[in-house]
Amino acid sequence: QRQELLVRAHKLKAVGTLTAGVAHELNNPMNNIMLTASSLQEDYTDLTDEDRLDMVKDLVGESERAQKIVRNLLDFARESTFQLQPVNPQRLVEETLRLATNQIKLAKVKVRGEIDSNLPPVYGDFQQLTQVMLNLVLNALDAMPNGGTLTIALRTPSGRDQIAMEVTDTGIGMPEQVRANVFDPFFTTKSAATGTGLGLSVSLGIIRQHGGDILVRSKVGEGTTFTIQLPVAMVPAMIPESKEIDPDEIPIQ
Ligand SMILES: Nc1ncnc2c1ncn2[C@@H]1O[C@H](COP(=O)(O)OP(=O)(O)OP(=O)(O)O)[C@@H](O)[C@H]1O
Ligand SMILES: [Mg+2]
């Protein structure tokens, strides 16, 4: 019961932080859609076929952007999909790499694994944890436009009841003013068409919900390491019940 309330409080806080920016961020593509659709309607007969096609392409692009924002938020906010179970960290990595296979090939990136033997399971939602790893891997690929090496390491720091999952790239790295803001909702250095700036804030929200944290180390021109820390699975008696919370009950201010 207490655990449930705690998880819920954390989630509300994270969702609250996100919603602060959502109205604004969704408003941009919505405005563009509105303007373009209106002029398409008004000037329809005066426009060339080429103009019309351009405008329809804009409409599709802006709609996709709005859709990506909503999808990212739903990944995090949808309670009914939150299912806690023991998860083998190595399976997380395998599933993530499977999902990213095409992007990895296109990016001409080499993948290395450094996996400790006898890793203990973590306790969490397989899909959400995979989503977090995938966000980190896709960011790493974006950071290596000319190829490079992606290293995924799974470690058990000695003397601690947690595991560390590291995603390291040999990419562009980040100056301090970028590094300091990467977890802010909607912070992005990518073009409007490619980045929503939600990947890391949603990922951090998910990992915090699991009782963990994400750390980042980066050096301009050398690369970046994101480290996910997660508590190892607790003994069964301590494992809280998997919970179902009606999403309609969540007050979003
Ligand atoms: N591995 C990395 N190397 C360099 N910069 C990074 C890396 N990962 C994240 N960043 C920086 O952090 C910003 C925020 O990342 P985040 O994943 O939250 O959003 P995004 O990747 O821009 O958009 P989206 O995840 O929606 O595609 C990025 O725009 C980029 O500037
Ligand atoms: Mg991203």
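What follows is a short exchange on helix packing and the sheet.

Modeller: One caution before we start: this is a predicted model.

Colleague: Which residues make the contact of α3 with α4?

Modeller: On α3, they include Leu92, Val93, Leu99 and Ile104. On α4, Phe126, Leu129, Met133 and Leu141 are among them. The residues of this contact divide into twelve nonpolar, three polar and two charged.

Colleague: What makes β2 and β6 edge strands?

Modeller: The open sheet has five strands in the order β2-β4-β5-β7-β6, with mixed pairing. β2 (109-115) and β6 (213-219) each have a single partner strand, so one side of each lacks a neighbour in the sheet.

Colleague: How do you know that β4 and β5 pair?

Modeller: Pairing needs at least two bridges. β4 (residues 148-155) and β5 (residues 162-169) have six, in the antiparallel sense. Ile152, for one, has Val167 in β5 as its bridge partner.

Colleague: Which strands do the helices packed on the sheet touch?

Modeller: α4 touches β2, β4, β5, β6 and β7, and its direction makes about 25° with that of β5. α6 (residues 199-209) touches β6 and β7. The direction of α6 makes about 140° with that of β6.

Definitions and conventions. Residues are numbered from 1 along each chain as its sequence is written. Chains are lettered from A and ligands numbered from 1 in the order in which they are written. This is a predicted model: local features need pLDDT of at least 70, side-chain atom pairs count only at pLDDT 80 or more; totals for chains, interfaces and linings use all residues. Side-chain values use heavy atoms; hydrogens and water are left out. Contact means heavy atoms within 4.5 Å. Helices (H or I, at least four residues) and strands (E, at least two) are DSSP runs, numbered from the N terminus. Ala, Val, Leu, Ile, Met, Phe, Trp, Tyr, Cys and Pro count as nonpolar, Asp, Glu, Lys and Arg as charged, and the others, Gly among them, as polar. Axes are lines fitted to C-alpha atoms, for helices over the stretch in contact, and angles run from 0 to 180 degrees between N-to-C directions.
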